[in-house]
Amino acid sequence: MAIEHRCDPKAAEAFGKERLRTALQEMQLIRRFEERAAREYASGRISGFCHLYIGQEAVVTGALSALEDKDHVITAYRDHGHALLRGCTPRNTMAELFGKVTGCVSGRGGSMHMFAADKGFHGGHGIVGAHIPLAAGLAFASKYEEREEVTICFFGEGALNQGAFYESLNLASLWDLPVVFIVENNRYAMGTALERASAVVDLYKKADGFNMPGEAFDGMDVATTWQTVQRAVDRARETNRPTFLEARCYRFRGHSMSDPAKYRTKDELAEQKQDDPILRAVTTLTENKWATADEIKAWDKVAKDAAIDAAEFALESPQPRLETVGDFVYANPQQWTPDGATTPHRRD
Ligand SMILES: Cc1ncc(C[n+]2csc(CCOP(=O)(O)OP(=O)(O)O)c2C)c(N)n1
């Protein structure tokens with residue numbers, strides 16, 4: 001795909017000045033938040049797994065611009081951006097990374113399990129492909145209860161040869177479920193290039209096997225992403241027909257914080273970084289005179305300040321109390337005590 005260092009002009013025109021201005025600010029927030037998270041991880045304040053979304057911000061930002069508040073979103077473990085745009089705050093997302101009690105799931109989930117279910121964000125899932133059936137279930141419930149809601153389900157291309165993917169897309173098509181499946185094809189599943197793992201590399205073509213529309217799009221362009229996803233969301237809302245979309249994108253960091261990413265060349269990375277989704281939005285906004293350089297700089301400062309504030313909040317927040325270690329694990333839990341005895345649990 002040819003690299004264009006701006007948003008597609010027609011898509012940008014359709015997206016419009018106000019939405020592109022908002023989209024840039026959302027992408028700046030995700031970028032600055034994750035840069036801060038990376039620093040906190042390096043300093044040892046965040047532990048466990050941590051997968052950054054840096055480079056892919058246009059996918060979630062454009063896609064969620066096509067949704068209404070009542071709709072549903074579910075994703076895999078590369079979920080910080082999805083959380084920030086769908087109901088979590090910078091503070092409770094960062095606190096979750098720190099494992100603090102003020103985190104969006106009380107410090108129990110960490111990086112891979114962000115949730116804001118009351119705002120339609122259903123995670124944050126660590127097992128590759130395991131949440132795709134849940135998306136079909138969310139869409140089934142919306143249809144069954146006649147709520148006219150749409151579900152967007154994001155996953156990586158590494159999930160595409162899991163059985164759950166085939167089972168879910170088959171049922172979604174067979175039962176006419178209002179769901180949009182988006183594969184974020186960032187070209188590598190951990191260290192494995194798509195070409196080494198998949199017999200089909202034009203992933204959108206898999207839609208044919210489910211008798212549903214499929215399309216690939218430039219996932220580094222926030223306006224094109226919105227335009228493509230909006231068509232699929234409209235189809236789902238109006239006809240209950242599902243769609244399978246392939247967002248062609250690239251992650252600028254390693255698979256996780258512990259990955260030196262030796263499976264790709266420095267030249268490849270440098271070339272891809274020229275196609276930064278944030279720079280593309282900046283170019284389009286300034287070329288169209290939809291934003292000034294000063295405004296863009298000010299928005300970036302707001303994003304940086306939000307990330308610093310979130311980290312300070314997370315650092316000052318308390319750890320969950322040891323006695324609550326068994327909370328949220330079982331529906332009918334026992335209380336755990338340090339000497340190994342268990343007693344019937346009381347939520348206090
Ligand atoms: C069922 C299962 N198998 C293996 C893993 C280990 N694993 C974690 S991430 C990953 C790669 C997934 O890549 P992809 O779906 O492309 O997502 P990306 O990391 O590119 O966002 C694997 C194999 C897992 N979490 N779940």
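## A friendly tour of a predicted model

Me: Which residues does Ala 314 touch, not counting residues up to four places away in sequence?
Reply: This is a predicted model, where local features need pLDDT of at least 70, side-chain atom pairs count only at pLDDT 80 or more, and totals for chains, interfaces and linings use all residues. Residues are numbered from 1 along each chain as its sequence is written. Two residues are in contact if their C-beta atoms, placed from the backbone, lie within 7 Å. By that rule, the partners of Ala 314 are Met 94, Ala 95, Leu 97, Phe 98 and Lys 100.

Me: Is Ala 314 buried or exposed?
Reply: A residue is buried if 20 or more other C-beta atoms lie within 10 Å of its own, exposed if 12 or fewer, and partly exposed in between, with C-beta atoms placed from the backbone. Ala 314 has 27 other C-beta atoms within 10 Å, so Ala 314 is buried.

Me: How many residues of strand S2 are buried?
Reply: Strands (E, at least two residues) and helices (H or I, at least four) are DSSP runs, numbered from the N terminus. S2 covers residues 151–156 and is mostly covered. Thr 151, Cys 153 and Phe 155 point one way, while Ile 152, Phe 154 and Gly 156 point the other way. The buried count for S2 is 6 of 6.

Me: Which residue in S3 is the bridge partner of Cys 153?
Reply: Two strands pair if DSSP finds at least two bridges between them. S2 and strand S3 (residues 179–185) pair in the parallel sense over 6 bridges. In S3, the partner of Cys 153 is Phe 181.
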